[in-house]
Amino acid sequence: MIVRIWVIVYIVMVTSSLAEAEDHCVLPKELFPFTQTNSQKSLLKYSDIKRNTKYLRSLCTHKIVFTEGRFKWEMLLVYNPNHKKGPFWFLPHDNENSAFDAAIYAVDKYGGGLLSVLSSGDRYFHGQDPNRNFGTDIQTAQICSKQKYPAPLYSKVVFNIIDTYRGSGFPYLALHNNSDGWIGNGGSGTISILKSSASVQSYPSGTVYQGKAKGISDEDSLIYIAGTEKIPPQKKLKVLNHSGIHIKYEVVSKKNNDCSMSNYVVLKKGGNYYNIETEHGDVRSQKKMIDKLMNILNIHSR
Ligand SMILES: [Zn+2]
């Protein structure tokens with residue numbers, strides 16, 4: 001692997017808003033050295049935005065642009081102007097459309113916001129998995145086989161934004177979609193509650209259903225939690241399982257760091273991490289799981 005330290009070139013923030021009351025949509029200036037305003041209409045070229053215009057009228061939408069090495073990252077920041085501090089969701093994969101729609105539902109209902117990587121609708125951004133890019137130095141990038149170059153700016157910008165809108169005491173939150181089942185079990189995906197290992201353990205909640213999008217009991221509907229202990233915190237596991245949610249627990253260590261968000265949260269940030277996964281297209285189950293998790297975390301609708 002070639003590892004080079006890339007010079008930080010610049011950060012630009014393109015600010016646009018679809019919200020009617022744009023004065024609500026002012027960003028904290030201290031976050032970024034350069035900002036630039038463009039038209040509201042320009043964001044409609046993104047299918048994520050186009051699908052959700054109805055909800056976005058009451059939310060603030062900004063385009064984040066920054067360059068680190070050869071990557072010119074573009075992301076959508078959406079937040080609820082009436083309740084800026086709240087649950088905040090990170091969505092690294094642009095091909096996971098149900099996750100984006102579910103996040104919009106959550107921001108509209110519970111406040112807070114979301115940050116979504118733009119990658120022309122693809123999972124990878126110019127060959128880099130955005131959810132394997134949270135390594136800040138050469139040593140870490142060498143451990144993380146899927147990180148091409150160390151990315152201190154990427155981690156800094158993403159977590160600065162998350163921590164700006166994340167309510168105090170709130171966990172780190174992510175949303176993903178995956179494909180049906182897992183390869184080796186007749187499916188096309190890589191994730192399933194029926195698959196387990198020492199480092200990614202499965203804790204199903206009752207019956208597991210297989211096949212195309214069978215609701216929250218589907219093998220692909222699950223919440224990832226993460227920590228350094230060999231087994232998950234039992235009380236947390238019990239409450240989540242009891243609400244009908246399958247749980248995967250990821251054992252994180254410096255040695256096995258994969259530079260994903262969960263690993264960065266556990267190793268660098270501290271605090272709780274939840275990633276809600278459903279099959280591509282199953283936005284209904286994802287919304288249901290969001291409601292269940294918010295209820296468990298005592299986060300109320302606004
Ligand atoms: Zn994903």
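1. Helices in this note are DSSP runs of H or I with at least four residues, strands are DSSP runs of E with at least two, and both are numbered from the N terminus. In that sense Lys269 lies in helix 7, which spans residues 261-269. The model under discussion is a predicted one. Lys269 counts as partly exposed because it has 15 C-beta neighbours inside 10 Å, a count that falls between the limit of 12 or fewer for an exposed residue and the 20 or more required of a buried one. Setting aside residues up to four places away in sequence, Lys269 touches Phe159, Tyr172 and Tyr264. As for Phe159, 110 residues separate it from Lys269 in sequence, while the two C-alpha atoms are 9.2 Å apart in space.

2. For the chain as a whole, the model has 8 helices and 11 strands. Of the 302 residues in the chain, 47% are buried. Among contacts in the chain between residues at least 6 apart in sequence, 69% join residues that are at least 24 apart.

3. Strand 3, residues 60-68, has 7 of its 9 residues buried, and it is therefore largely enclosed by the rest of the structure. Strand 3 runs antiparallel to strand 4, with 9 bridges joining the two. Within this pairing, Val65 has Glu74 of strand 4 as its bridge partner, and Phe66 has Trp73 of strand 4 as its own. The two strands form a hairpin in which 2 residues lie between them, and Gly69 in the turn has a positive phi of about 60°.

4. Strand 4 can also be followed to its pairing with strand 6. Strand 4 pairs with strand 6 in the antiparallel sense over 6 bridges, and here Met75 stands opposite Val117 of strand 6.

5. Asn82 is placed in the loop between strand 4 (71-79) and strand 5 (88-91), and it counts as exposed because it has 12 C-beta neighbours inside 10 Å. Leaving aside neighbours within four places in sequence, Asn82 is in contact with Gly111 and Arg302. From Asn82 to Cys60 the separation is 22 residues in sequence and 9.8 Å in space, taken C-alpha to C-alpha.

6. Strand 9, residues 222-227, is mostly covered, since 5 of its 6 residues are buried. Which strands does strand 9 pair with, and in what sense? Strand 9 runs antiparallel to strand 11 (residues 273-279), to which 3 bridges join it, and it pairs with strand 10 (residues 247-251) in the parallel sense over 5 bridges. Tyr224 takes part in both pairings, for it stands opposite Asn275 in strand 11 and opposite Lys248 in strand 10.

7. Two packed helices are described by the angle between their axes and the distance between those axes. The axes of helix 3 (residues 97-110) and helix 8 (residues 283-296) come within 9 Å and cross at roughly 40°, and the two helices are therefore oblique to each other. Their crossing is right-handed. The contact is made by Ser98, Ala99, Asp101, Ala102, Tyr105, Ala106 and Tyr110 on the side of helix 3, and by Val283, Gln286, Lys287, Ile290 and Met294 on the side of helix 8.

8. The last point concerns backbone angles. Most residues other than glycine have a negative phi. Ser120, although it is not a glycine, has a positive phi of about 50°; this residue lies in the loop between strand 6 (113-118) and helix 4 (138-143). Is Ser120 buried or exposed? Ser120 is exposed, because 11 other C-beta atoms lie within 10 Å. Asn298 also has a positive phi, near 65°, in a residue other than glycine. Asn298 lies in the segment after helix 8, and with 6 C-beta neighbours inside 10 Å it counts as exposed.

Conventions:
Residues numbered from 1 in each chain as written. Predicted model: local features only at pLDDT ≥ 70, side-chain atom pairs only at ≥ 80, totals over all residues. Axes fitted to C-alpha atoms, helices over the stretch in contact; angles between N-to-C directions. Parallel < 35°, antiparallel > 145°, perpendicular 65-115°, else oblique. Left-handed = near helix turned anticlockwise from the far one by under 90°. Contact = placed C-beta atoms within 7 Å. Pairing = 2+ DSSP bridges.
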